[in-house]
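Dear colleague,

I am handing over the structure below, together with an account of what was found in it. Please read the notes alongside the sequence and the model.

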Amino acid sequence: MTGTETTSQIEYYARALRAPRISDAFRRLGDQARDAGWSHEEYLAAVLSNEVSEREASGANLRIKAARFPGHKTLEDFNFDHQPTADRNLIAHLGTSVFLTEGKNVVLLGPPGTGKTHLAVGIGIKAAKAGHRVLFDTATGWVTRLQEAHSRGKLPAELTKLRRYSLLIVDEVGYIPFDQDAANLFFQLVSSRYEHASLIMTSNLPFARWGDVFGDLTIASAMIDRIVHHADVLNLKGTSYRLKNHQPVTSEAH
Ligand code: ADP
Ligand code: MG
């Protein structure tokens with residue numbers, strides 16, 4: 001049994017170390033240690049390891065919250081049987097976040113409902129868990145953000161700030177066409193990250209039609225050039241997962 005004095009000393013030291021979880025864990029682990037006959041060193045290791053893993057989990061949760069994902073979609077929840085055109089091995093590799101340390105990009109192309117946003121968020125959540133700063137927005141959202149910074153004369157500062165994120169996710173390129181100014185701002189975002197930090201982009205349009213989105217073939221091809229120079233491009237095909245339950249039942253289902 002632990003004396004009250006020792007207990008309050010431990011609580012005091014845990015606060016002083018800014019490791020308040022130790023105050024919760026030391027009794028529980030102490031009981032476990034007595035039951036299992038752990039050595040003093042094993043007990044200390046268990047207390048410290050509990051602190052470290054809880055700290056990492058709460059850091060990951062903070063980064064996931066800060067990323068502003070539109071929903072909590074994980075790679076584990078993705079049904080590859082329904083989406084055979086998604087390369088499992090490649091997506092598993094992207095889930096390791098190695099591509100971020102290489103400043104590589106990912107482009108997810110395909111019709112609506114084929115899982116582009118789901119996969120982008122799933123890869124983003126993995127990255128946040130691995131300790132990377134991530135920020136998600138739609139293409140329109142990014143442009144609004146850049147326009148705001150530009151109108152305050154702060155575009156370079158904003159781009160520098162964004163470079164501190166290892167991963168930016170740009171969802172839904174192509175749903176809304178950009179005017180010339182928006183296209184230029186977007187181009188600057190892509191250029192400022194080129195070979196430094198990663199982007200994941202999703203689009204319902206093939207690259208050949210990005211000229212229509214950016215209103216200018218030259219800008220579009222200069223941008224695509226930078227994006228795909230170091231990128232994995234996934235072409236998703238098939239029907240919308242959203243309509244899955246509205247399709248006629250096939251004979252295989254019986
Ligand atoms: P897109 O961005 O390509 O339009 P989403 O990723 O938003 O499509 O997918 C639409 C909905 O269907 C989401 O709720 C998503 O979680 C779900 N979904 C799509 N594909 C799959 C899949 N293969 N496995 C599980 N859920 C999926
Ligand atoms: Mg989407």
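**What was found**

Ala182 lies in helix α9, where helices (H or I, at least four residues) and strands (E, at least two) are DSSP runs, numbered from the N terminus. Ala182 is buried, at a relative accessible area of 4%; buried means under 20% relative accessible area, exposed over 50%, and partly exposed in between, with a 1.4 Å probe and protein chains only. Between the C-alpha atoms of Ala182 and Asp77, which are 105 residues apart along the chain, the separation is 35 Å.

Before going further, please note that this is a predicted model, in which local features need pLDDT of at least 70 and side-chain atom pairs count only at pLDDT 80 or more, while totals for chains, interfaces and linings use all residues. Residues are numbered from 1 along each chain as its sequence is written, chains are lettered from A and ligands numbered from 1 in the order in which they are written, and side-chain values use heavy atoms, with hydrogens and water left out.

**The ligand site**

Of the 15 residues around ligand 1, those that come nearest are Asn79, Gly113, Lys116, Thr117 and His118, a residue being near a molecule or strand if one of its heavy atoms lies within 4 Å of it. The shell around ligand 1 is made up of four nonpolar, seven polar and four charged residues; here Ala, Val, Leu, Ile, Met, Phe, Trp, Tyr, Cys and Pro count as nonpolar, Asp, Glu, Lys and Arg as charged, and the others, Gly among them, as polar.

**Loops and a strand**

Arg68, in the loop between α3 (40-66) and α4 (88-94), has a phi of about 55 degrees and is exposed, with a relative accessible area of 57%. Ser97, in the loop between α4 and α5 (98-101), has a phi near 70 degrees, but Ser97 is buried at 2% relative accessibility.

Gln83 also lies in the loop between α3 and α4 and is buried, with a relative accessible area of 4%; a polar atom of the Gln83 side chain is 3.1 Å from the backbone oxygen of Lys237.

Pro177, in the loop between β3 (167-173) and α9 (180-193), is exposed at a relative accessible area of 56%, and its C-alpha atom is separated by 58 Å from that of Phe26, 151 residues apart along the chain. Ser203, by contrast, lies in strand β4 (residues 198-203) and is buried at 0% relative accessibility.

Note on methods: A polar contact is a pair of N or O atoms within 3.5 Å; within protein, one must be able to donate a hydrogen and the other to accept it, and residues adjacent in sequence count only if both atoms are side-chain atoms.
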